[in-house]
Each structure stands twice: as structure tokens, then as C-alpha cells.
Amino acid sequence: MSSEKRAVTAVDYGFVGDVKEVNAELLADLIAKNIVPILTPLTHDGRGNLLNTNADTIAGETAKALSAHFEVTLIYCFEKKGVLMNENDDESVIAELNHDLFQKYIEQGIIQGGMIPKLENSFEALRAGVKQVIITRADQINSGNGTKIMC
């Protein structure tokens with residue numbers, strides 16, 4: 001996976017990378033050979049520099065690239081059971097979330113902070129061919145619980 005150093009604007013992010021290319025053919029070939037690729041949030045710029053790249057972005061970009069080869073489900077895992085209506089109530093999981101509700105919940109302050117880029121990555125992945133996106137907790141992956149992101 002290659003990336004480019006994020007441009008300095010009002011903020012200098014240092015050695016933060018934005019994904020430029022995912023070698024989907026190589027990953028698909030490894031998967032076809034029953035080899036499970038392990039990806040890290042470290043990328044390179046092709047000039048010898050390692051860059052720190054957001055792990056959610058790595059997952060989303062990889063899922064989008066592999067959707068040309070496979071039926072892909074992207075699962076984002078974090079410490080909550082899904083996207084919550086009330087951040088103080090771990091049981092207030094939003095079962096399904098479409099883009100209109102996402103915008104409405106941002107305006108209402110229900111969805112905020114780090115959840116916004118995770119959901120933006122989710123909608124972008126769906127538009128790029130990923131079959132489904134689910135946000136859940138790691139121990140809930142096979143339970144059917146969590147938030148299903150829909151176009």
C-alpha cells in the first residue's frame with residue numbers, strides 16, 4: 001500500500017499518510033492461495049519514508065480495492081457495540097444507518113467526533129462497491145449485532 005504525506009495546510013500532520021494506491025491484485029492473489037494478509041496502519045511514499053495512516057482508512061481503502069475481486073464486507077470494530085443514539089447508553093445501538101439519518105444525527109449532535117470519519121469511510125466504501133459495512137465490537141462480529149451501514 002502506498003501513500004503520500006499529508007500536505008501541510010493550517011496544520012502540519014507530520015508523517016501522516018493518505019492512501020494513494022492499494023495493490024488489490026497482489027492481495028487477491030494471496031487470498032486465492034489461502035494466505036491471509038495482515039495489514040498495518042503504516043504505509044510508504046515510495047521514497048523510503050514510512051507514514052502513519054489511519055487504520056480505519058487502511059481498512060476502507062483495502063475493502064474498496066478488493067471489491068473488484070470479491071464480495072466484500074467491511075467490519076469496523078471498536079469498544080462499543082455499534083453506533084449509539086446515546087453515547088452514555090451502550091445498549092442504544094442504531095441497528096441500521098443510512099446517509100440521510102447520518103446527516104440528521106450529526107446536526108442533532110448524536111453522532112460526533114471520531115465516529116464521523118468512520119461513517120464517512122463506510123459510506124464511501126459502499127459507493128465504491130463494498131457489499132456491506134458493519135460497525136460493532138470485536139466480540140460481536142458473528143452475532144449479527146452492531147450497526148449496519150446502508151446507502
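Ala-24, Leu-27, Ala-28 and Ile-31 of helix H1 meet Thr-62, Ala-65 and Leu-66 of helix H2. Sorted by class, the residues of this contact between H1 and H2 are six nonpolar, one polar and no charged. The model in which they are found is a predicted one.

Two packed helices are described by the angle between their axes and the distance between those axes. For H1 and H2, the axes come within 9 Å and cross at roughly 80°. Angles of 65 to 115 degrees count as roughly perpendicular, and H1 and H2 are therefore roughly perpendicular to each other.

H2, which covers residues 55-66, also packs with helix H4, which covers residues 115-127. Here the angle is about 5° and the axes are 10 Å apart. Because angles under 35 degrees count as roughly parallel, H2 is roughly parallel to H4. On the H2 side, the contact is made by Asp-56, Thr-57, Glu-61 and Lys-64. On the H4 side, Lys-118, Asn-121, Glu-124 and Ala-125 take part. The residues of this contact divide into one nonpolar, two polar and five charged. In the contact of H1 with H2, by comparison, there were six nonpolar, one polar and no charged residues.

The next topic is empty space. Rolling a probe the size of a water molecule over the atoms shows where such space is left. The structure holds one cavity of 30 Å³ or more. The largest cavity has a volume of about 40 Å³. Which residues line the largest cavity? They are Thr-57, Gly-60, Glu-61, Lys-64, Asn-121 and Glu-124. Among them, Thr-57, Glu-61, Lys-64, Asn-121 and Glu-124 also belong to the contact of H2 with H4. H2 and H4 each supply at least two residues of this lining, and H2 gives the most, with four. By class, the lining of the cavity has no nonpolar, three polar and three charged residues.

Helix H1 (24-32), H2 and strand E5 (73-77) each supply at least two residues of the lining. What supplies the largest share of the lining of the largest pocket? That share, seven residues, comes from H2. The lining of the largest pocket divides into 16 nonpolar, two polar and one charged.

The second largest pocket has a volume of about 240 Å³. It is lined by 14 residues, of which Phe-78, Lys-80, Glu-87, Gln-112 and Met-115 lie nearest its centre. Met-115 falls within the residue range of H4, 115-127. The lining of the second largest pocket is made up of six nonpolar, four polar and four charged residues.

Helix H3 remains, covering residues 99-107. At its start, a side-chain oxygen of Asn-98 reaches to within 3.1 Å of the backbone nitrogen of Asp-100. Just after H3 comes Gly-109, which takes a positive phi of about 80°.

Technical notes:
Residues are numbered from 1 along each chain as its sequence is written. This is a predicted model: local features need pLDDT of at least 70, side-chain atom pairs count only at pLDDT 80 or more; totals for chains, interfaces and linings use all residues. Side-chain values use heavy atoms; hydrogens and water are left out. Axes are lines fitted to C-alpha atoms, for helices over the stretch in contact, and angles run from 0 to 180 degrees between N-to-C directions. Angles under 35 degrees count as roughly parallel, over 145 as roughly antiparallel, 65 to 115 as roughly perpendicular and the rest as oblique. Contact means heavy atoms within 4.5 Å. Ala, Val, Leu, Ile, Met, Phe, Trp, Tyr, Cys and Pro count as nonpolar, Asp, Glu, Lys and Arg as charged, and the others, Gly among them, as polar. On a 1 Å grid over the protein atoms alone, a cavity is a set of points where a 1.4 Å probe fits but cannot get out, and a pocket is an open set with protein on both sides within 12 Å along at least five of seven lines; lining residues have an atom within 4 Å of a point. Grid points are joined across faces, edges and corners, and a volume is the space filled by probe spheres set on the points. A polar contact is a pair of N or O atoms within 3.5 Å; within protein, one must be able to donate a hydrogen and the other to accept it, and residues adjacent in sequence count only if both atoms are side-chain atoms.
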